[in-house]
Amino acid sequence: MYETSKQLFEKAKHYIPGGVNSPVRAFRSVGGDPLFIAWAQGSKVYDVDGNAFIDYVGSWGPMILGHRHPTVIEALQHALERGTSFGAPTEAEVEFARMLVEAVPSLEMVRLANSGTEATMSAIRLARGYTERTEIIKFSGCYHGHADDLLVKAGSGATTLGIPDSKGVPDDTARHTITLPFNDLDAVGKTVDANGKAIAAIIVEPIPGNMGVVIPRIEFLAGIRELCDHYGIVLIFDEVMSGFRVAWGGAQSLFGVIPDLTCLGKIIGGGLPIGAFGGKREIMENLAPSGPVYQAGTLSGNPLATTAGLATLKLLAQPGTYERLEKLGNDLTREVDQRARQAGQAICSNRVGSMFSIFFTNERVIDYKTALRSDTVKFSRYFHAMLKRGVYLAPSQFEAGFISSAHSEEDVTKTVEAVEEAFKEV
Ligand SMILES: *Cc1c(COP(=O)(O)O)cnc(C)c1O
């Protein structure tokens, strides 16, 4: 009757490309087959094979309260009774927008969408429409969803022209995206000094989490803010991951560097599909129907996503939430670092609040180039050693781990015990 993860994956590969609906779920970079999850509760996920895992994937970021938080579930049940989507304005979306605007320093207005990809794609279009310029700057190793303009890597050698990072992205599109190294203010300075007036936007993850976690230099973020002011470039912070993860209001409230536009997603949907982008009124008023930049969505701001989002934000706003997440994060990394020293494992631990990465390298990881020097073969062995011991990490060296408020001190202790054993094995 019940099928195992292995059986389900075989069947899935027949009907779904690669057997998954988003590539990194497939375990390709660590080897082996993905687990099929049957259900989850709090800090744990349970697979169809009957195993329990302490979960540090958290659905790739959204589940900051853990799985099935009773308050969120109850709010959703009430919303369900009134209908799942009307394609017309609702009270909840106004309340939700107000809460986002009050929480995130850069937001004066906000538009809801259905994914982080939609948010970044629309923010880029808006920045181009507003500035009437075409070129954009992004940073190597930062991920901004899968829109054509943003699936671009650095061109080689002297040329700064971007080249497609995926088949199907036209060269013509990619060449408008300039890719520079993260944390390298000089590179940004040189590029904007040469082409500043052609550049519509700089988009950046203020705390990158998609090459593993990388810590920004504060002078880097403050420096690009100044350059954007000087050249009339729209600064976009992609806080789809860091928003409400590292602090109430996101990385911008942590660092005090305020972008013109901010993209949100993940946590603000409380586990349901969502995206949002917002910022200065002067820029946002360019969106249809107030202005000439088109953007839309059949299910945007739907009552289920806004209800789960509102319930989640209200819980996050309670005093002590981020202090607790910080303490758990600090305990975990401190203990892991100590076990690494004892075991003679060279690792670089990067953490901001409840997002963390362990890179298997003896160098400091400050950008994509240094991240790539990690021993990914060792990471794969580590991943499987942890999985075997009941700890579910993201199946790639270049992803963040996430702690939720449902994680207990006991979860952290058990994880550290697993790490200690895993370090001996890898
Ligand atoms: C996850 C993520 C996205 C894409 O969001 P989706 O909802 O997966 O489309 C964009 N930017 C960042 C920084 C992300 O972490």
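1. Let me start with Ala-113, which counts as buried because its relative accessibility is 1%, under the 20% cut-off. Please keep in mind throughout that this is a predicted model. Ala-113 belongs to strand S4, residues 109-113. Setting aside neighbours within four places in sequence, Ala-113 is in contact with Glu-118, Ile-274, Gly-275, Ala-276, Gln-295 and Ser-300. Along the chain, Ala-113 and Leu-264 are 151 residues apart, yet their C-alpha atoms are separated by 9.4 Å.

2. Is Val-214 buried or exposed? With a relative accessibility of 0%, Val-214 counts as buried. Leaving out residues up to four places away in sequence, Val-214 touches Phe-182, Asn-183, Ile-207, Pro-208, Asn-350, Val-365, Ile-366 and Asp-367.

3. Beyond its neighbours within four places in sequence, Ala-174 is in contact with Val-152, Gly-162, Ile-163, Pro-164 and Val-169. Its C-alpha lies 9.8 Å from that of Glu-135, a residue 39 places away in sequence.

4. Now for the empty space. Rolling a probe the size of a water molecule over the atoms shows where such space is left. Here the count comes to two cavities of 30 Å³ or more. The largest cavity holds about 200 Å³ of space. Of the 18 residues that line the largest cavity, Phe-356, Ser-357, Ile-358, Tyr-382 and Leu-393 are the closest to its centre. Two or more lining residues come from each of helix H11 (321-343), strand S14 (355-359), helix H13 (376-388) and helix H14 (409-425). By class, the lining of the largest cavity has 12 nonpolar residues, five polar and one charged.

5. The second largest cavity has a volume of about 50 Å³. Which residues line the second largest cavity? They are Gly-42, Ser-43, Asp-55, Gly-58, Met-63, Gly-66, His-67, Arg-245, Phe-402, Ile-403, Ser-404 and His-407. Sorted by class, this lining has three nonpolar, seven polar and two charged residues.

6. In soluble globular proteins, nonpolar side chains tend to be buried together. The largest nonpolar core in this model has 36 residues, of which Tyr-56, Leu-332, Tyr-382, Met-386, Tyr-392 and Phe-423 touch the most other members. Strand S3 (52-55), H11, S14, H13, strand S15 (391-392) and H14 each give two or more residues to this core. Another core lies apart from it, with 31 residues, among them Leu-76, Ala-97, Ala-103 and Leu-316.

7. Helix H13 deserves a look of its own. Its buried residues are Lys-378, Phe-379, Ser-380, Tyr-382, Phe-383, Ala-385, Met-386 and Leu-387. What covers the buried residues of H13? The cover includes S3, S14, S15 and H14. As for Met-386, leaving out residues up to four places away in sequence, it touches Val-391, Leu-393, Thr-415, Ala-418, Val-419 and Ala-422. The length of H13 checks out too: at 1.5 Å a residue its 13 residues should span 18 Å, and the end C-alpha atoms are 18 Å apart, so the two agree.

8. Finally, some backbone details to inspect. Most residues other than glycine have a negative phi, and most peptide bonds are trans. The peptide bond from Ala-288 to Pro-289, however, is cis, with omega near 5°. Pro-289 lies in the loop between helix H9 (281-284) and helix H10 (303-316). Trp-60 is not a glycine but has a positive phi, near 70°, and this residue lies in the loop between S3 and helix H2 (70-82). Lys-266 also has a positive phi, of about 40°, although it is not a glycine. The loop between strand S11 (261-265) and strand S12 (275-279) holds Lys-266, and at 25% relative accessibility Lys-266 counts as partly exposed.

Note on methods:
Residues numbered from 1 in each chain as written. Predicted model: local features only at pLDDT ≥ 70, side-chain atom pairs only at ≥ 80, totals over all residues. Heavy atoms only, no water. 1 Å grid on protein atoms, 1.4 Å probe; cavity = no way out; pocket = protein on both sides within 12 Å on 5 of 7 lines; lining within 4 Å. Points joined across faces, edges and corners; volume = space filled by probe spheres on them. Helix = DSSP H or I, 4+ residues; strand = E, 2+ residues; numbered from the N terminus. Nonpolar A, V, L, I, M, F, W, Y, C, P; charged D, E, K, R; others polar. Buried < 20%, exposed > 50% of the residue type's maximum accessible area, 1.4 Å probe, protein only. Contact = heavy atoms within 4.5 Å. Core = buried A, V, L, I, M, F, W, Y, C linked by side-chain atoms within 4.5 Å. Expected span 1.5 Å × (residues − 1).
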